[in-house]
Each structure stands twice: as structure tokens, then as C-alpha cells.
Amino acid sequence: MSPTYDVIVIGLGGMGSAAAHHLSARGARVLGLERFGPVHDRGSSHGGSRITRQSYFEDPAYVPLLLRAYELYEEVERATGREITTLCGGVMIGRPDSRTVSGSLRSAEQWDLAHEVLDARELRRRFPTLNPQDDEVALFEAKAGLVRPENMVAAHLQLAGRQGADLHFDEPVVRWEPYRDGVRVHTAVNTYTAGRLVICPGAWAPRLLTGLGVPFTIERQVMYWFQPSSPDGVEPFRPENHPVYIWEDAEGVQVYGFPAIDGPELGAKVAFFRKGEITTPETIDRTVHDHEVAAMAEHMSRCIPELPGTFLKAATCMYSNTPDEHFVISRHPAHPESVTVACGFSGHGFKFVPVVGEIVADLALTGTTAHPIGLFDPRRLAATPA
Ligand SMILES: Cc1cc2nc3c(=O)[nH]c(=O)nc-3n(C[C@H](O)[C@H](O)[C@H](O)COP(=O)(O)OP(=O)(O)OC[C@H]3O[C@@H](n4cnc5c(N)ncnc54)[C@H](O)[C@@H]3O)c2cc1C
């Protein structure tokens with residue numbers, strides 16, 4: 001048995017790679033253990049783009065974390081030379097009383113974030129690809145845009161490696177347990193001990209965190225890429241001309257999408273926010289079916305008529321949902337001295353990746369953090385005994 005580490009990080013996807021970076025930057029001897037290869041497409045952190053925004057409709061409590069995440073995007077960009085963000089602006093569209101619009105406005109006003117409210121006419125004028133209903137409005141945020149998940153994960157792994165972290169790929173963790181003052185982690189090929197354990201398991205949370213008491217559900221999601229049919233080709237959809245968008249219809253269905261960031265061949269990506277089937281990482285159907293493509297094309301033809309020109313490709317991904325769709329970031333209630341968890345990101349975690357890495361490093365190394373994380377305590381979700 002051995003060697004021994006200060007901290008073992010289980011899972012080197014979005015959150016775990018950021019944790020490995022922040023922990024090793026503070027001088028901790030870190031071992032990262034990942035089931036698949038570096039920057040893989042089997043979890044939740046692939047597909048080329050993720051929306052980022054600050055006027056957060058989910059809850060104003062996320063805003064201070066977003067302000068810090070934006071600072072860290074720049075640090076990671078500077079330290080690695082990788083392109084992490086494209087801040088092309090974003091519109092949150094819906095009826096004025098929709099959660100997407102009213103929640104975004106609430107956060108913008110509470111935190112004094114720069115924003116504009118556009119009526120349907122003004123929205124059509126500013127962004128001619130968009131075709132809102134007359135009773136729809138939009139909150140426009142110039143600082144919204146997208147982050148590139150593969151580049152972010154690669155950058156954090158690169159920084160962690162540079163700072164001396166041992167990163168083991170294709171080495172799944174079978175189980176972990178408290179051991180003396182710390183933890184012991186068993187993989188398919190070895191056993192390791194450490195003073196502290198950080199668990200960032202993504203969609204494998206139900207397997208690795210049975211003792212947490214959080215009823216996670218894993219949701220299958222599909223991302224679609226279309227070649228727009230506009231007479232000017234992809235030009236109106238380029239990030240210089242086109243914002244990211246989240247669009248809520250009268251039934252509360254949210255769809256979101258991106259400009260054409262990778263040139264004409266790869267088109268523009270769009271997806272439903274939620275609405276997916278419940279699944280598991282072992283049983284997820286990775287085939288995208290014709291009826292799913294047709295349903296998306298039909299939905300988009302009302303919002304952005306030129307977008308569903310030619311279907312190019314689709315890919316699946318997983319959300320790890322908590323019942324209230326807020327994150328879990330905390331010391332483990334049953335092992336508060338030695339174990340920190342970051343999970344249940346409920347389909348909206350990627351924009352927070354660097355700040356989650358910072359928070360997890362705080363919790364693992366000092367037991368506390370200055371960041372406001374009260375909303376993310378797992379005890380709010382633990383099943384109460386009958
Ligand atoms: C289609 C889609 C669209 C999204 N859009 C947005 C968006 O626009 N904006 C946004 O902010 N967020 C978005 N999200 C959510 C965001 O991508 C996730 O919240 C985030 O990627 C979760 O990161 P994670 O580290 O928890 O999971 P992952 O990146 O999946 O990492 C978990 C890692 O743990 C590893 N692992 C699990 N079990 C073991 C084990 N036993 N041993 C070793 N390793 C293990 C896995 O292999 C994996 O690499 C989207 C998600 C999807 C699927």
C-alpha cells in the first residue's frame with residue numbers, strides 16, 4: 001500500500017480538474033483519480049460550449065460566485081494560453097412573468113448588474129435571427145456568453161500537472177472509507193491513503209455518495225447542431241453578430257443555444273434545458289433518434305426560423321439533478337474532518353467550475369470558505385425519517 005497524499009480527488013471532470021488545480025497551487029500533494037481518459041465525452045463536461053451569465057434566474061445567491069468565476073476564467077486563460085470564454089452577450093427571453101425573465105431581472109437588480117430589457121420589436125431589430133412572440137421580452141446581458149468545457153478541463157489538468165499533482169487516468173475508484181485520521185481509496189489496481197478526500201463524481205454521485213442522503217436523479221440530455229438556412233449562410237449566427245440565448249415558452253419549456261463558434265461546417269448548437277429521460281451512466285441511450293431531431297427542429301422553427309436548416313449531428317450528456325436543482329458543495333456531514341463533496345450540479349454547473357475548484361480547496365484544506373455556499377448544504381435535502 002501507499003504512496004500517501006495530502007488530498008485525493010475522485011473524478012477529474014469539470015469540478016475535479018479545477019479542484020486538483022487549486023489544491024496543488026496551494027502546495028498540497030494531490031492524487032487525482034479518473035475513470036476515463038483526460039477530457040472525455042462520457043460524463044457532463046463535453047460538447048464544445050456552455051452558457052455563462054451573471055443575471056442568474058435560478059437565485060441571486062449565485063451571483064457573487066459568478067463574479068469570482070469570471071475573474072478566474074481570465075486567470076486560467078492567462079496561465080495556459082487556452083481560449084476559455086467568448087463573451088458574445090446573451091438574451092433571456094420569455095413572457096415578463098416567466099422564471100427566465102423575471103428571475104434574471106431580480107438578480108440583475110439586486111446585484112446592480114449591467115442589463116437592458118428589450119421588448120419584442122427591439123429584440124427583433126437587434127438580433128434579426130430571433131423571432132419572439134409579441135408578448136415576449138428579453139433581458140440582454142453584454143457579459144453573458146459561453147465557456148469552452150474541453151479547454152477549461154484541459155487547462156486545469158495542465159496547471160495541476162505543472163504544480164506536481166499525480167493524475168491517474170483509466171483508474172476507476174471502486175470504494176473509499178475513513179481510515180485513521182483520513183481516508184483510504186481503493187481503485188481497480190491500487191489502494192491509496194490521504195489526509196483528505198474530495199469527491200467530484202458527476203453522474204456517478206448515486207454510486208460514490210450513497211451515505212450523503214441526497215436523492216440524485218441522472219437525466220439524459222441531447223445537444224443538436226444545425227446548419228442555418230439563412231441566405232447569408234452562417235454569417236448572422238457568428239458570435240460577433242449573435243448572442244447566446246435561453247428561451248422560455250408559454251408552457252415553461254426552456255430551450256437554449258449558441259452562436260456558430262466553430263465556423264460554417266459545425267453550425268450552431270441548441271438544446272432543451274431539462275425535459276430529458278431519467279437514466280444512469282451505465283444504461284444511458286447514446287443514440288439520438290430521428291423523432292428527437294424532428295421535435296427540436298419543429299420547436300426551433302418557431303423561435304429562430306433559419307436555424308434548423310440542415311441537421312448536422314447530435315450528442316448525449318448527463319445532468320445530475322438534486323430535488324431543488326441547487327448544487328451540493330460541502331464537507332460531508334458524516335465525515336466533516338476528512339471528506340469534501342461537490343456534486344448535484346443539476347445542469348447548470350459548468351460556468352462555476354473555477355470557483356467551485358477554489359471553494360473545494362478551501363473546504364478540504366481549512367475546513368471553511370469565505371464564499372457564500374449556504375444554499376448548497378446537503379442537509380437541506382436529506383430524507384427526514386418517517
Ligand atoms: C447537455 C448539457 C448542457 C449543459 N449546459 C450548461 C450550460 O450551458 N451552462 C452551465 O453552466 N452548465 C451546463 N451544463 C452542466 C455542466 O456541464 C455540469 O454541471 C458540469 O459539467 C458538471 O461537472 P462535474 O465535474 O460534476 O461532472 P463531470 O465533468 O462529468 O466529472 C465527473 C467525473 O468523475 C469521474 N468519475 C465518476 N466516478 C468515478 C470513479 N468511481 N472513479 C474515478 N472517476 C470517476 C467521471 O468519469 C467524470 O470524469 C450542461 C450539461 C449538459 C450535460
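Visitor: Which helix is V293 found in?

Guide: V293 is found in helix α7, residues 290-303. Helices (H or I, at least four residues) and strands (E, at least two) are DSSP runs, numbered from the N terminus. This is a predicted model, in which local features need pLDDT of at least 70 and side-chain atom pairs count only at pLDDT 80 or more, while totals for chains, interfaces and linings use all residues. Residues are numbered from 1 along each chain as its sequence is written, and side-chain values use heavy atoms, with hydrogens and water left out.

Visitor: Is V293 buried or exposed?

Guide: The general idea is that buried means under 20% relative accessible area, exposed over 50%, and partly exposed in between, with a 1.4 Å probe and protein chains only. V293 has 12% relative accessibility, so V293 counts as buried.

Visitor: Which residues does V293 touch?

Guide: Contact means heavy atoms within 4.5 Å. Not counting residues up to four places away in sequence, V293 touches Y224, F226, V288 and F311. The C-alpha atoms of V293 and F311 are separated by 7.8 Å, and these two residues are 18 apart along the chain.

Visitor: What does UniProt list for residues 6-363?

Guide: UniProt positions are given in the numbering used here, feature names are shortened, and annotations may be inferred rather than shown by experiment. An unreviewed UniProt entry lists "domain: FAD dependent oxidoreductase" for residues 6-363. Over that range the chain is 26% helix and 29% strand, with the end C-alpha atoms 13 Å apart.

Visitor: Which UniProt annotation covers C317?

Guide: The unreviewed entry gives "modified residue: S-8alpha-FAD cysteine" for C317. In the model, C317 is found in strand β18, residues 310-321. With a relative accessible area of 6%, C317 is buried. Leaving aside neighbours within four places in sequence, C317 is in contact with several residues, including G43, S44, H46 and R50. Others in contact with C317 include E219, R220, Q221, M223 and I284.

Visitor: Now for helix pairs. At what angle do α1 and α8 pack?

Guide: Axes are lines fitted to C-alpha atoms, for helices over the stretch in contact, and angles run from 0 to 180 degrees between N-to-C directions. Helix α1 (residues 14-25) and α8 pack at an angle of about 55 degrees, with their axes 7 Å apart. Angles under 35 degrees count as roughly parallel, over 145 as roughly antiparallel, 65 to 115 as roughly perpendicular and the rest as oblique. The helices α1 and α8 are therefore oblique to each other.

Visitor: In which crossing, left-handed or right-handed, does α1 pass α8?

Guide: A crossing is left-handed if the near helix is turned anticlockwise from the far one by less than a right angle, and right-handed if clockwise. Here α1 passes α8 in a right-handed crossing. On the α1 side the contact is made by G14, M15, A18, A19, H22 and L23. On the α8 side, the residues include V353, P354, V356, G357 and E358. To sort such residues by class, Ala, Val, Leu, Ile, Met, Phe, Trp, Tyr, Cys and Pro count as nonpolar, Asp, Glu, Lys and Arg as charged, and the others, Gly among them, as polar. The contact of α1 with α8 has 11 nonpolar, three polar and one charged residues.

Visitor: How far apart are the axes of α2 and α8?

Guide: The axes of α2 and α8 (residues 353-366) are 7 Å apart, and the helices pack at an angle of about 100 degrees. That makes α2 roughly perpendicular to α8. In this pair, L65, R68, A69, L72 and Y73 in α2 meet P354, V355, E358 and I359 in α8. By class, that contact has seven nonpolar, no polar and two charged residues.

Visitor: Is V355 buried or exposed?

Guide: V355 is buried, with a relative accessible area of 1%. Beyond neighbours within four places in sequence, V355 is in contact with L65, R68, A69, L72 and H371. The C-alpha atoms of V355 and Y73 are separated by 9.2 Å, although the two residues are 282 apart along the chain.

Visitor: What is the phi of S346?

Guide: Phi of S346 is near 50 degrees, a positive value in a residue other than glycine. S346 is found in the loop between β20 (339-343) and α8. At 0% relative accessibility, S346 counts as buried.
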